[in-house]
Structures are given as structure tokens and as C-alpha cells.
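Please keep the sequence and the structure in view while working through the numbered points.

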Amino acid sequence: MASRPIAVDVEHLHKTFRIPEHRVHTLKERALHPFRRTAYEELRVLDDVSFRILQGEFFGILGRNGSGKSTLLKCLAGIYRADEGRIRVAGHLAPFIELGVGFNPDLTARENVVINAVMMGLSPAQARERFDDIIEFAELQRFVEMKLKNYSSGMQVRLAFSTMVQADADVMLIDEVLAVGDAAFQEKCFEIFDSLRAAGKTIVLVTHDMRLVERFCDRAMLINSHRIEGIGDPKEIAQRYLDANFIDAAAEAADAVLLERAHISDTWTADDQGERSDIGAHGEPLRVYSLIEARDPIPDPEIRVWIENEAGARVFAASTLEFGRRIRDFARGERRMFAVRIENRLVSDTYHVSVLVRSRARPQEVSAIRHRAARFSVVGGEHVGGLYDLEHTIQLEPVGKEVTT
Amino acid sequence: MTTSAPTPPALRDIHGPSALGGGFQRFCYLAWVMAATDFKLGYFGSALGYLWSLVRPLLLFGVLYLVFSQVIRLGEGVPNYPVLLLLNIVLFTFFTEASQNAVQSVVRRENLVRKMHFPRVTVPLAAVLTSALNLVVNLVAVFVFILAYGVNPRPSWLLFPVIVLVLATFTFGVSLILAALFPRFRDVEPIWAITGTILFYGSPVLYPIELVPDDWQWVVLANPVAALLETARVAVVDPTAPSVAEAAGALAWVTPMVVFVAVCVVGLWVFNREAPRIAEEL
């Protein structure tokens with residue numbers, strides 16, 4: 001892999017938007033306030049971003065909304081100019097930021113394909129040459145002379161996608177276009193991704209769907225708060241993204257930040273004898289263990305463990321707060337195990353264990369988080385629904401018939 | 001599916017959007033495809049289609065001709081006045097229509113500007129080209145009319161394509177300034193609409209240049225459009241008409257040429273300065 005040539009090289013990229021606080025749009029406003037200097041708010045969107053993508057790699061960029069991932073894509077595509085830094089790309093790059101850029105509803109498929117392909121960098125002659133392939137790939141042979149406005153949205157997407165595939169780019173930038181379309185279309189997109197991969201194309205996929213990253217990417221990058229938070233194995237990056245994504249909810253605070261002062265190295269469930277098991281029998285005690293390793297000292301710590309079901313409903317939480325007193329500070333490098341023993345009244349389903357470590361004094365600063373760190377299934381018991389099987393009895397009695405006349 | 005080339009392409013720098021750049025061929029393809037599409041869509045869905053591009057100046061011509069030859073009698077004593085009026089209207093309509101289309105062109109193509117990397121100049125250029133296509137269609141009709149009126153072709157007609165080319169270049173220069181400024185200053189649009197009307201009456205479109213007081217002729221002819229209309233008149237319609245030099249002195253060409261060069265240079269400079277960030281201003 002190291003011997004493969006570089007396809008995209010980004011070095012120390014910075015990008016700041018200047019947002020005018022009061023937008024002066026008309027001359028009258030200018031004339032009325034001639035000396036008022038427009039005040040700008042500087043909005044840093046990308047802060048010293050550097051990475052390399054190798055040729056033939058399927059590279060995922062993950063990030064929450066507003067993290068700067070779309071701006072990065074637009075800088076790569078040459079739509080925004082970088083303030084500082086250098087971007088180099090090997091060969092022809094086709095951005096696919098929106099489906100069917102330049103598509104016009106009043107034109108036929110044929111005309112639209114030519115426009116779109118020219119936008120993507122083909123010549124009109126090349127576009128016409130490849131038109132049959134494009135239409136065949138989109139499976140729209142019967143609708144060639146139909147106006148685009150009469151196409152279903154799925155058909156439009158198919159047309160746009162096959163034009164992109166035929167655009168002959170060395171590097172393709174794809175931005176969450178899969179958000180549209182139904183399940184059948186998504187399957188088709190996945191097939192296209194697989195075939196593009198097989199053809200050895202370099203693909204940069206920007207998304208907030210970690211499943212896509214896990215399924216297709218060779219490597220992934222996580223962008224958080226305008227910086228690169230990690231590059232590496234897609235599974236690991238996806239997990240970190242998930243952690244970052246759920247940090248607000250987990251910390252029950254807005255604007256929670258992850259400081260990574262600790263590492264949750266292992267989390268597992270066990271039966272009452274302490275034997276590791278990802279199956280918990282209903283009605284039997286269940287144990288949850290989490291191994292925490294402090295990288296930096298954590299004063300006045302809190303460790304919290306919670307269980308949620310597949311649908312994401314939090315069914316149970318336990319915390320060191322329950323001790324009712326301050327627990328000993330974590331020293332640098334110290335390892336401790338947090339254990340919870342539960343009377344398992346959960347109904348049979350699949351559950352996930354998540355773990356959070358933070359300082360009691362600053363609850364929005366999270367020292368470590370591991371979202372859905374362990375999974376277990378509950379089996380046995382007889383229940384008709386609900387989340388818990390609460391202790392209960394049932395009765396059914398005949399009620400005397402009162403005859404009213 | 002095509003497979004990637006065996007020899008990997010070399011790394012090259014991505015500099016972000018610019019006015020030009022990105023290869024001359026791609027530049028031409030883009031401008032042409034955008035212009036042709038707009039031309040096609042311009043009359044989409046109307047029964048008469050392209051004919052409308054002809055009917056509009058003809059109707060304007062009909063009204064103006066009636067008013068200025070029958071009511072105000074401005075055209076009396078002017079050789080081939082109806083032909084002159086028609087040619088002037090068609091050329092001037094091109095200038096105003098193209099520049100007015102160009103004003104909002106960048107904003108209208110927002111979805112392209114914000115989603116694709118391409119030389120930004122192609123956007124106003126396409127707006128001017130669309131109008132130029134209309135102009136070509138109209139000029140065919142105008143020359144049929146000119147011949148039918150009894151004006152005989154002369155070698156000086158060969159100058160006419162040059163005149164049209166210079167007019168289109170000037171229109172493009174004006175369009176660059178307008179298109180670059182509009183995203184930031186929305187007043188550009190009404191200001192230019194009024195300016196268009198002022199220029200229409202301030203140029204020898206309806207009246208021949210001789211009717212302007214001698215001392216003022218050079219002011220009128222400082223406008224390159226006016227100078228070009230007058231040159232077209234001499235070359236095509238009426239060889240006896242005063243040329244620009246005859247009307248306003250031997251140095252008369254100096255002012256319109258300075259204006260022409262200034263507008264084109266300023267246009268390129270302004271657009272080039274705005275182009276890198278134009279996507280962020282929208």
C-alpha cells in the first residue's frame with residue numbers, strides 16, 4: 001500500500017469564512033452609513049488540515065454537521081479557495097457534490113447528459129459518444145427523448161450517477177448523495193461503489209453515515225470541530241465518530257467536549273459467576289464490567305454505565321455518583337474496573353452497554369466515552385411486550401351480570 | 001467501464017476558483033453549452049419559438065417607425081431611414097439584452113457556481129453568447145429587409161462583421177463589471193436598467209447623428225456603442241452619412257477607444273478579483 005502513488009495531498013489547509021454581521025447589500029445602505037465599516041465575524045471552518053489519499057483508495061471523511069467536512073470537499077473540488085495550505089491532486093478530479101449539476105427539467109435526458117458531462121470535464125463530442133453507455137447503465141433506454149421533468153426522482157438520480165461513472169475521473173469526490181433515493185436505489189449505488197472500487201478509482205466519500213464508511217472505505221478520517229481527529233481503520237474511526245456524535249446526549253449537556261484523558265479499554269458482560277458472556281438469562285443476575293485506563297489525572301471522577309436497546313432507548317443507567325461521596329482521583333496511568341451487578345428484568349432483546357468517564361466538577365468535559373462498547377442479548381422469560389418485566393401478578397375474575405331493566 | 005491509466009498522473013496544485021483557468025478547450029465547451037442551452041430554453045414552450053426573438057425588435061421597429069416617420073417626421077431627409085432604424089434597434093437591443101442578462105447571470109447559475117469548479121468568466125460570457133445567437137438570427141432578417149428595400153451590397157459591408165465583433169466585445173466587458181458587482185451590490189440591476197434607457201436615447205438609434213448640435217456630437221460618440229452604430233450606418237446603409245471622424249473631428253475615435261479599452265480592462269480586473277470568492281458571496 002505504501003508503494004502506491006499519492007492521489008490527493010493536502011498540506012496545512014486553513015479556511016476561514018468572513019460572515020458580515022450586518023450585510024450591506026444596497027447602495028442606499030452604503031450611502032446612509034458611509035463610514036460604518038462592515039463588521040465581520042471570523043468563522044474558522046478548517047484548521048490546519050493535512051492528509052494524504054493514495055491512488056485506488058476508497059477514503060471516507062466522517063464528521064457531524066458543521067464540522068467542516070463539506071467545506072473541505074469544496075476546497076478539494078476547487079470551488080472554495082483555501083486561505084492557507086496546499087492541495088494537490090493527481091489527474092482529473094470530478095466532484096459529485098450534488099446530483100446532476102446543471103440538469104434542466106425542460107430538456108431531454110440526452111441534452112441533460114451532455115450538459116452534465118461537460119460540467120464534469122468531458123467534451124461535448126465525448127459526451128455524445130458515451131451517451132449510449134450512460135443510458136444503458138442507468139437502464140433508461142426507453143426514456144431517452146423524454147423531458148427530465150417527467151422523470152421520477154429515482155430515474156433522475158440514476159441518470160446523474162451513470163453520467164458521473166462515465167466522466168472518466170481519476171479522483172471522484174462524492175458528498176452524501178445517497179441521502180436521497182429509496183432502498184432499491186441505495187443498493188444500486190452500493191453496486192456502483194463496488195464496481196468503481198474494482199476499477200481502481202480513487203474515491204473520496206464525505207458522509208455522516210458510518211455504515212457506508214464501514215462497508216466501503218479502506219481508510220477513514222474523522223473531522224470534528226474543524227480539525228482532523230483521526231485517520232485510520234474505518235471501524236475505529238466510525239466508533240470514534242459515534243462516540244463524538246452521542247457525546248451531548250451521553251453527557252446530558254449541550255456543547256460537550258471530549259478531552260480523552262482516559263481510555264476505556266474493555267467493556268463486557270458476564271453471568272453471576274463472573275464468566276464472560278454476551279447472553280444474559282432473564283431473571284438471572286447480570287454483571288457489567290468496564291476497564292478504564294487514565295492517561296492524565298482526573299480529579300473527582302464519575303464513571304457512568306448505561307444500557308440501551310437496539311432502538312436507542314436508554315433502559316438503565318448506573319453511576320459512581322450512587323456512592324454518595326467523592327471517589328478517589330485517577331492518577332496518570334492508573335487502571336480501575338467499574339462493575340455493576342443487575343437483577344436482569346429486561347425483556348428478551350439485544351442491548352448495548354455504553355460507558356462515560358468525566359470529572360464531577362465539569363460535566364460537559366468528557367474524559368472518555370465509549371458508545372455501544374459491548375452488546376448482549378437477553379433470553380428466556382415470558383413477556384408480551386414492553387421494556388422490563390416488572391414484578392407483577394395477574395388476575396381474571398368473573399363479574400356478576402347486573403341485569404338492568 | 002474504463003480502467004485507470006497504467007501510468008499514474010502527476011500531482012498538480014488545486015488553486016481554487018478563478019475567472020479563467022482550467023484549460024481553453026473546457027472554457028469554450030462550457031461557454032458554448034451554457035449559451036446554447038439558454039438559447040434553446042429562452043423560447044421553450046411558446047408557440048412561435050425562435051420567431052419571438054425576431055418579432056420583438058420588429059414590433060418595436062414598427063412602432064418607432066410610425067412615430068418618427070409619420071408623427072414627428074424625424075427621418076425626413078435621412079436616406080434609407082427605415083433600414084437605418086431597424087439596424088440600429090437590432091444592434092442596440094443586443095447590447096442591452098446581453099448586458100441585462102449578464103447582471104444576474106452569476107446568481108442565476110448559483111447551483112453551478114457553488115457546486116462545480118470551472119472558469120467563472122464562462123457564466124457572463126454565456127449570457128452574452130446567448131444574446132449573440134439571437135442577434136445572428138435577427139441580422140439575417142435585417143439583411144433580407146435591407147436588400148428588399150433596395151440597398152445594394154457594397155464591399156464596405158465586409159466591415160460589418162468586424163463592427164458586430166467589436167460591439168460584442170464591448171458588451172462582454174460591460175457584462176463582466178455588472179456580473180461581478182451584482183452579488184455584492186444588488187442595486188446594480190435597477191441602475192443598469194435606467195442606464196440602458198438613458199443610453200438608448202443618448203445614442204443615435206432613433207435619430208441620425210447630424211441632428212445632434214455640432215458641439216455635442218463628440219459627447220454622444222464617446223459612447224463606443226454610438227460610434228459603432230454610426231460606423232455601421234456608413235458601411236451598410238448610407239455611404240453619404242458622416243463617419244465618426246467627419247462628425248466630430250479627426251480625433252473623434254480617441255474617446256470611444258479609450259472608453260472601450262477602459263471598460264474591458266476594468267471588467268476583466270474586477271471579475272478576476274471577485275471570481276475566487278464569488279461562490280462564498282452567494
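1. Two strands pair if DSSP finds at least two bridges between them. Strands (E, at least two residues) and helices (H or I, at least four) are DSSP runs, numbered from the N terminus. β4(A) and strand β1 (residues 11-13) of chain B run antiparallel and are joined by three bridges. Within β1(B), D13(B) is the bridge partner of R88(A).

2. This is a predicted model, in which local features need pLDDT of at least 70, side-chain atom pairs count only at pLDDT 80 or more, and totals for chains, interfaces and linings use all residues. Residues are numbered from 1 along each chain as its sequence is written, while chains are lettered from A and ligands numbered from 1 in the order in which they are written.

3. The contact between the chains takes 42 residues from chain A and 34 residues from chain B; two residues are in contact if their C-beta atoms, placed from the backbone, lie within 7 Å. On the side of chain A that touches chain B, β1 (6-20), β4 (84-90) and α3 (109-119) of chain A each give two or more residues. The largest share, five residues, comes from β4(A).

4. Within chain A, the axes of helix α5 (residues 131-138) and helix α6 (residues 153-165) come within 8 Å and cross at roughly 130°. Axes are lines fitted to C-alpha atoms, for helices over the stretch in contact, and angles run from 0 to 180 degrees between N-to-C directions. I134(A), F137(A) and A138(A) of α5(A) make the contact with R158(A), L159(A), S162(A), T163(A) and V165(A) of α6(A).
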